[in-house]
Amino acid sequence: EKDECSTAPCGAGQTCADPNPSPASLKDFTCTCDKDTSVQTTGTPATCEVDECATTPCGMGQSCTDPNLSYASQHDFVCTCDSDKSITKIDGPATCSKDECSTDPCGAGQTCADPNPSPSSLKDFTCTCDKDTSVQTTGTPATCEVDECATTPCGMGQSCTDPNLSYASQHDFVCTCDSDKSITKIDGPATCSKDECSADPCGTGQTCADPNPSPTSL
């Protein structure tokens, strides 16, 4: 006798049966699909199933389900978004999400949040100022702060302080004289010193010294 199934002609996932293992009776073995016994061939391996999810057709961030692995049922796999199970597509990747914050629409100094990164929900991202969380906008960057000292408005010999960086509070920066901390001015350079010797009040043959070149000490 010659049992044709001894060489495993059907392959994995199939059951081979040789009804007549006689050398005079060849090519009469049957291949039956293990997962679908209605699929059977004689003399050749059966085409049992095609798991369409095996090639990861949905891509990253999606799960794939093939409801019917039968070779007769193809193009019926379902892609489901991991982030939103209600978003699905048959026979192709679903359009799962569009996180609008991924392009950094708010810019530096702001925090972006997209409450619903669905492709059907756009322009709902929020921009919140890092230093003033009460300032928040939806769909556009927030106007968070203006550091008025950034442009060095006080000039040389003075320090600048902006007590409130909020966009709603401007023209409140303070200039303080380095030589006399008591001399300050809001929203502009302070008048820090007045060296009375600059006008040469002593005249020739004399040395002038102004111990306190403050405008308050004349």
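What share of the contacts in the protein chain with a separation of 6 or more comes from residues 24 or more positions apart? The share is 16%. The legends below start with the whole chain and then move to selected parts. The model is predicted.

Figure 1. From the N terminus on, the elements run β-β-β-β-β-β-β-β-β-β-β-β. The radius of gyration is 41 Å, well over the 17 Å that the globule rule gives for 218 residues, so the protein chain is more spread out than a compact globule. Along its principal axes, the C-alpha trace spans about 140 × 40 × 20 Å.

Figure 2. Of the 218 residues, 32% count as buried. The chain carries 11 positive and 34 negative charges.

**Figure 3. Strand β8 covers residues 126-129.** In a regular strand, side chains alternate between the two faces of the sheet. Look for that pattern here. T126 and T128 point one way from β8. C127 and C129 point the other way. Are these four residues buried or exposed? All are buried.

**Figure 4. Strand β8 pairs with β7 and with β9.** Strand β7 holds residues 110-113. β7 and β8 pair in the antiparallel sense, over four bridges. Find A113, which stands opposite T126 in β8. Now turn to β9. β8 and β9 also pair in the antiparallel sense, over three bridges. Which residue in β9 is the bridge partner of C127? The partner is T137. A hairpin of six residues joins β8 to β9.

**Figure 5. E148 sits in the loop between β9 and β10.** Strand β9 covers 136-138, and β10 covers 158-161. Is E148 buried or exposed? Its relative accessibility is 11%. Buried means under 20%, so E148 counts as buried.

**Figure 6. The contacts of E148.** Which residues does E148 touch, leaving out those up to four places away in sequence? They are P153, D162, S169, Q170, H171, D172 and F173. Among them is a run from S169 to F173. One further pair can be located here. E148 and N164 are 16 residues apart along the chain. Their C-alpha atoms are separated by 9.5 Å.

How values were computed: Residues numbered from 1 in each chain as written. Predicted model: local features only at pLDDT ≥ 70, side-chain atom pairs only at ≥ 80, totals over all residues. Heavy atoms only, no water. Helix = DSSP H or I, 4+ residues; strand = E, 2+ residues; numbered from the N terminus. Rg over C-alpha atoms; globule rule 2.2 N^0.38 Å. Buried < 20%, exposed > 50% of the residue type's maximum accessible area, 1.4 Å probe, protein only. Contact = heavy atoms within 4.5 Å. Lys, Arg positive; Asp, Glu negative; His and termini not counted. Charge placed at Lys NZ, Arg CZ, Asp CG, Glu CD. Pairing = 2+ DSSP bridges.
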